[in-house]
Amino acid sequence: MSRIRLYSDFNCPFCYAMHERLHALSLMERLSWQGVQHAPHLRRPMATWSGHLGTELRQEVEMVRRLAPELAITVPRGKPNTGPAIAAAARALQVDPLRAQAFTRSLYRLFWLEGLDLSDGTVLQQEAERHGFAPAQVSAASTIPVDHLLRSWEEQWRDTEHYGVPLLERPDHRVLVGLMSADSLQSFLAGL
């Protein structure tokens, strides 16, 4: 059975809100989380944003607060390059999908609640260990191959021709883009 795909990026506040909403609705177990970088040009380590970028980030967070008032969210100092975090989550999925789901959720929270830099390997390793992963399982030095998987996720996301995140794709290739209400999500996923 094909699963519904959730294309998401850790540094998108709408993705964080969607991820939390899907958990609250107990829908995550029906989905296949696929991390994609919607802004692969971002720096490592994370840079502090000021001026128009800082204003844009504050506006995004305010919009999420209006769309998901139940959600705790803070304005981080910038946005990290999420390539390392997506790769760590992909490796975790190869090792233990159930623990990987909790690890993935915690990465969103580390950034959107604590403002930690998800491009920092030490941050990722400490969180992975907190979720029971051995040091060598999710780090950049891991022998678990994920390059092909990451390319596949990226290609599948691009094939939707909707380059935004969050994006849900059903097996019949219907898509839902953006942070949606609980009713919209349940309607979109009904009957699958």
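How many bridges join E1 to E2, and do they run parallel or antiparallel? I found five bridges between E1 and E2, and the two strands run parallel. My ground rules for the labels: helices (H or I, at least four residues) and strands (E, at least two) are DSSP runs, numbered from the N terminus.

I am working on a predicted model, where local features need pLDDT of at least 70, side-chain atom pairs count only at pLDDT 80 or more, and totals for chains, interfaces and linings use all residues. Residues are numbered from 1 along each chain as its sequence is written, and side-chain values use heavy atoms, with hydrogens and water left out.

**Sheet**

I looked up the strand order next. Four strands make an open sheet, E2-E1-E3-E4, with mixed pairing. Two strands pair if DSSP finds at least two bridges between them. E2 (31–35) and E4 are the edge strands with a single partner each, so one side of each has no neighbour in the sheet. On average, neighbouring strands are turned by 20° against each other, direction ignored.

I then checked E1 against E3: they pair in the antiparallel sense, over three bridges. Tyr-7 has Leu-167 of E3 as its bridge partner. Arg-5 has Ser-32 of E2 as its bridge partner.

For burial I use relative accessible area: buried is under 20%, exposed over 50%, partly exposed in between (1.4 Å probe, protein chains only). By that scale four of the five residues of E2 are buried, and the strand is mostly covered.

**Helices on the sheet**

Which strands does H1 lie across? I get E1, E2 and E3, with H1 running at about 145° to E1. Helix H8 (residues 182–189) lies across E1, E3 and E4, at about 165° to E4. For these angles, axes are lines fitted to C-alpha atoms, for helices over the stretch in contact (heavy atoms within 4.5 Å), and the angles run from 0 to 180 degrees between N-to-C directions.

**Salt bridges**

I count a salt bridge when a side-chain nitrogen of Lys or Arg is within 4 Å of a carboxyl oxygen of Asp or Glu. The structure holds ten of them.

Arg-5 and Glu-169 form one of these, at 3.4 Å from N to O. The pair links distant parts of the chain, 164 residues apart: Arg-5 sits in E1 (residues 4–8) and Glu-169 in E3 (residues 167–169). Arg-5 is partly exposed at 25%, whereas Glu-169 is buried at 6%.

Another one joins Arg-109 and Glu-20, at 2.9 Å from N to O. Arg-109 is in helix H4 (residues 97–114) and Glu-20 in H1 (residues 13–24), so this bridge ties together parts 89 residues apart in sequence. I read 32% for Arg-109, partly exposed, and 10% for Glu-20, buried. Arg-105 belongs here too: Glu-20, Arg-105 and Arg-109 are linked in a network of salt bridges.

A local one is Arg-130 with Glu-127, at 2.7 Å between the closest N and O atoms. Why are they about one helical turn apart? Because they are three residues apart in H5 (residues 121–130). Arg-130 is exposed at 58%, but Glu-127 is buried at 7%.

Is Arg-170 buried or exposed? I find it buried, at 10%, in the loop between E3 and E4 (175–177). A polar side-chain atom of Arg-170 lies 2.9 Å from the backbone oxygen of Phe-188.

His-131 is in the loop between H5 and H6 (135–138) and is buried at 16%. Leaving aside neighbours within four places in sequence, His-131 is in contact with Arg-99, Ala-102, Phe-103 and Ser-106. The side chains of His-131 and Ser-106 also make a polar contact of 3.1 Å. That term covers N or O atom pairs within 3.5 Å; within protein, one must be able to donate a hydrogen and the other to accept it, and residues adjacent in sequence count only if both atoms are side-chain atoms.

**Core**

The largest one has 57 residues, and Leu-6, Phe-10, Leu-22, Trp-33, Leu-107, Leu-118 and Leu-168 touch the most other members. I followed Leu-107: not counting residues up to four places away in sequence, it touches Phe-10, Ala-85, Leu-118, Leu-124 and Glu-127.

Technical notes. Core = buried A, V, L, I, M, F, W, Y, C linked by side-chain atoms within 4.5 Å.
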